[in-house]
Amino acid sequence: MTVTGPKGFRAAGVAAGIKASGALDLTLVVNDGPLDVAAGVFTRNVIKAAPVLWSQEVLKQQKLKAVVLNSGGANAATGPGGFQDTHATAEKVAEVLDIGAIEVAVCSTGLIGERLPMAAVLSGVDSAVKALDASAEASLNAASGVMTTDTKPKQAFAAHADGWSVGGFAKGAGMLAPNLATMLSVLTTDAVADKEVLDRALRAATRITYDRLDVDGGTSTNDTVLVLASGASGVEPTEAELTEQLTAVAHDLVLQLRADSEGATKDVDVTVRGAASEDDAVVVARTIAEDNLVKTALFGSDPNWGRIAMALGRAPARIDPETVSITINGVTLFASGTTAADRSAADLSGRAIEVVVDLGVGSAEATIYTTDLSHGYVEENSAYSS
């Protein structure tokens, strides 16, 4: 069990008819308490989907009793009507669960610019409420109901020795980029936590997990990560313990998201060490990760360190060409301003690729999780709207 693994949670995923395929397309997660503490982080894109705008307002109270999510339509760039649809969805959930709409977060994912088929959404809420359960099957259905171009559901769970746990699911396969990556994720915990601690723990976890996943440079209109705390375990961990557990689950989900991202044939870690600051390390690693020439070379299993040098050299960070080194899959190919080894010494034939850049000007470090750029990515995204 994942999202329903922690005590106090039920979930469901149903086929509401939003997708023409008849696949699962509406998910509901309910916190049965005794606590209803929650926190969230959202996209930094200024074009925010209606459910993001709604959920941001709801989370100002840092309380949630339910989250309803749909795939098959982003409800983004849909104007006042789209916001009304989100409000109506929250009101429907509130009605059938006998709670307040202000206690319901709403998330959507899919094609931007089209209104949702509200008759299907609202009837789907009824079906989801009837299907609510705390079983492993319910967790799987919930994770499946948010999939768009994903090929498999993503779930994770971690139990602490003291008797509390964290679980959750995520979706995302394309438009994965900085500022959360493009995804929806719901995390649950049965730990006892106050609002401020939960908020800080979530932000600390997302900063080095979801915010470091960067497949294609596109920041979604719908990115949302929510964490709900039921307190049902009766155990109150320290803030450090809660942060560690949330980070572990989020990191697991990030690696699953990357592995299933559109067209990916390589899982690439870009680590920058020896930076003057963490911000410098992040911006250099991200510049490398987003560079199309680097990504296509990796797709071709070509250890072309020259493209990496080009990319890092244009990053807005403190860089001294004489102290930079570039290592690919354990082989240092560039150091002290010149070639350090024949590029053929680096084997990129496998799926996992590790690029390590040492700037040699400080002690800060950061890793960006990315992929290659393949024919499959281009083909899938050129046909997505159809």
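Of the 386 residues in the protein chain, 56% are buried. The model is predicted. Its secondary structure consists of ten helices and 15 strands. The radius of gyration is 21 Å, close to the 21 Å given by the globule rule for 386 residues, so the protein chain is as compact as a globular protein of that length. The C-alpha trace extends over about 70 × 50 × 35 Å along its principal axes.

Contacts within the protein chain were examined by sequence separation.

The protein chain exposes about 14400 Å², of which 51% is supplied by carbon and sulfur atoms. The protein chain carries 29 positive and 48 negative charges.

Val294 has a relative accessibility of 4%, and because the cut-off for a buried residue is under 20%, Val294 counts as buried. When residues up to four places away in sequence are left out, Val294 touches Ile288, Arg307, Ile308 and Ala311. One of these, Arg307, is 13 residues from Val294 in sequence, and the C-alpha atoms of Val294 and Arg307 are 5.6 Å apart in space.

How values were computed. Residues numbered from 1 in each chain as written. Predicted model: local features only at pLDDT ≥ 70, side-chain atom pairs only at ≥ 80, totals over all residues. Heavy atoms only, no water. Helix = DSSP H or I, 4+ residues; strand = E, 2+ residues; numbered from the N terminus. Rg over C-alpha atoms; globule rule 2.2 N^0.38 Å. Buried < 20%, exposed > 50% of the residue type's maximum accessible area, 1.4 Å probe, protein only. Areas by Shrake-Rupley, 256 points an atom, 1.4 Å probe, with all protein chains shown as cover. Lys, Arg positive; Asp, Glu negative; His and termini not counted. Charge placed at Lys NZ, Arg CZ, Asp CG, Glu CD. Contact = heavy atoms within 4.5 Å.
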